[in-house]
Amino acid sequence: MHKAVLLDTSFFLRFLNDDSPLFNNADGYFRYFLEQEIKMYISTISIAEYCVGGDIQELPLKNLQIIPFNLDHSKKTGEFAKLIFQNKNKLQVRDRNIIPNDTKLFATADVEKSVEFYLSSDSESHKIYNLMKQHLNLKFRFIDLHVPFGQTFGVLDL
């Protein structure tokens, strides 16, 4: 089974905006995943988030596999949310709800067998992932878009 990555909304906000300071990193990851034949997934949750300010036609859907949020994802989300609520005092997140989409997307990444990576530029989401990682054996790795793909995967960007 080929490796796969779940791309969150923050990735697409950077990748589809040439003026974003993280555009080059996003573009580098996108090209790397294509070259390495790492499947790129997008959740229906991220599509909904993106469509708040953008149009679905802007997303590179021909290069993405869409993952609908399903019953298995829902059950895992409940487990993750319970853990986060129990440890909420350990989180230092800025004005945001913890549950809604972070735990849903993390659950999706954890349930989907081929997903090994979760790519995001959301530092608040990364804090939630780190808390979960302390208590759970998550099967996916969080990749921070602030770190170039070459550094993440140990390759030269030639």
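The entries below follow the order in which I looked things up.

**Ground rules**

I worked from a predicted model, so I noted that local features need pLDDT of at least 70, that side-chain atom pairs count only at pLDDT 80 or more, and that totals for chains, interfaces and linings use all residues. I number residues from 1 along each chain as its sequence is written, and my side-chain values use heavy atoms, with hydrogens and water left out.

**Entry 1: helix α4**

I took helices (H or I, at least four residues) and strands (E, at least two) as DSSP runs, numbered from the N terminus. I began with α4, residues 71-86. The expected span of a helix is 1.5 Å times one less than its number of residues. For the 16 residues of α4 that should give 22 Å, and I find the end C-alpha atoms 23 Å apart, which agrees.

Next I asked which residues of α4 are buried. I call a residue buried under 20% relative accessible area, exposed over 50%, and partly exposed in between (1.4 Å probe, protein chains only). My list for the buried set is His73, Thr77, Phe80, Ala81, Leu83 and Ile84. They cover an arc of only 160° around the axis, which puts them on the same side of α4; the arc is that of the directions from the helix axis to the C-beta atoms. Turned away from that buried side, I see a face with the exposed residues Leu71, Lys75, Lys82 and Gln86.

I also checked the start of α4, where a side-chain oxygen of asparagine 70 comes within 3.0 Å of the backbone nitrogen of aspartate 72. I count a polar contact as a pair of N or O atoms within 3.5 Å; within protein, one must be able to donate a hydrogen and the other to accept it, and residues adjacent in sequence count only if both atoms are side-chain atoms.

**Entry 2: salt bridges**

How many salt bridges does the whole structure hold? My search found five, taking a salt bridge as a side-chain nitrogen of Lys or Arg within 4 Å of a carboxyl oxygen of Asp or Glu.

I looked at lysine 76 and glutamate 79, whose closest N and O atoms are 3.6 Å apart. Both lie in helix α4, three residues apart, about one turn of the helix. Glutamate 79 is partly exposed at 48% relative accessibility.

Lysine 76 also meets aspartate 110 in a salt bridge, 3.7 Å from N to O. Lysine 76 is in α4 and aspartate 110 in α5 (residues 99-111), so this pair ties together parts that are 34 residues apart in sequence. I have lysine 76 as partly exposed, at 21%, and aspartate 110 as buried, at 12%.

Over in α6 (residues 123-135), lysine 127 and glutamate 124 are three residues apart, about one helical turn. Their side chains form a salt bridge at 3.2 Å, N to O. Lysine 127 is partly exposed at 32%, while glutamate 124 is buried at 5%. Looking over the shared partners, I see Lys76, Glu79 and Asp110 joined into one network by their salt bridges.

**Entry 3: two threonines**

Threonine 108 sits in helix α5 and is buried, at 1% relative accessible area. I traced its side chain to the backbone oxygen of lysine 104, at 2.9 Å. Leaving out residues up to four places away in sequence, threonine 108 touches Leu6, Ile67, Phe69 and His73; contact here means heavy atoms within 4.5 Å.

Threonine 9 is in helix α1 (residues 9-15) and is buried too, at 8%. With that sequence cut-off, threonine 9 touches Ser46, Glu49 and Tyr50.

**Entry 4: strand β4**

Is β4 (residues 115-120) mostly covered or open? I found five of its six residues buried, so to my list it goes as mostly covered. Two strands pair if DSSP finds at least two bridges between them. Strand β1 (residues 4-7) runs parallel to β4, joined by four bridges, and leucine 7 has leucine 119 as its bridge partner in β4. Four bridges also join β4 to β5 (residues 141-144), again parallel, and there leucine 119 stands opposite isoleucine 143.

**Entry 5: a backbone angle**

Last, I noted glutamate 37, which has a positive phi of about 55° although it is not a glycine. Glutamate 37 lies in the loop between α2 (23-35) and β2 (39-43), and is exposed, at 55% relative accessible area.
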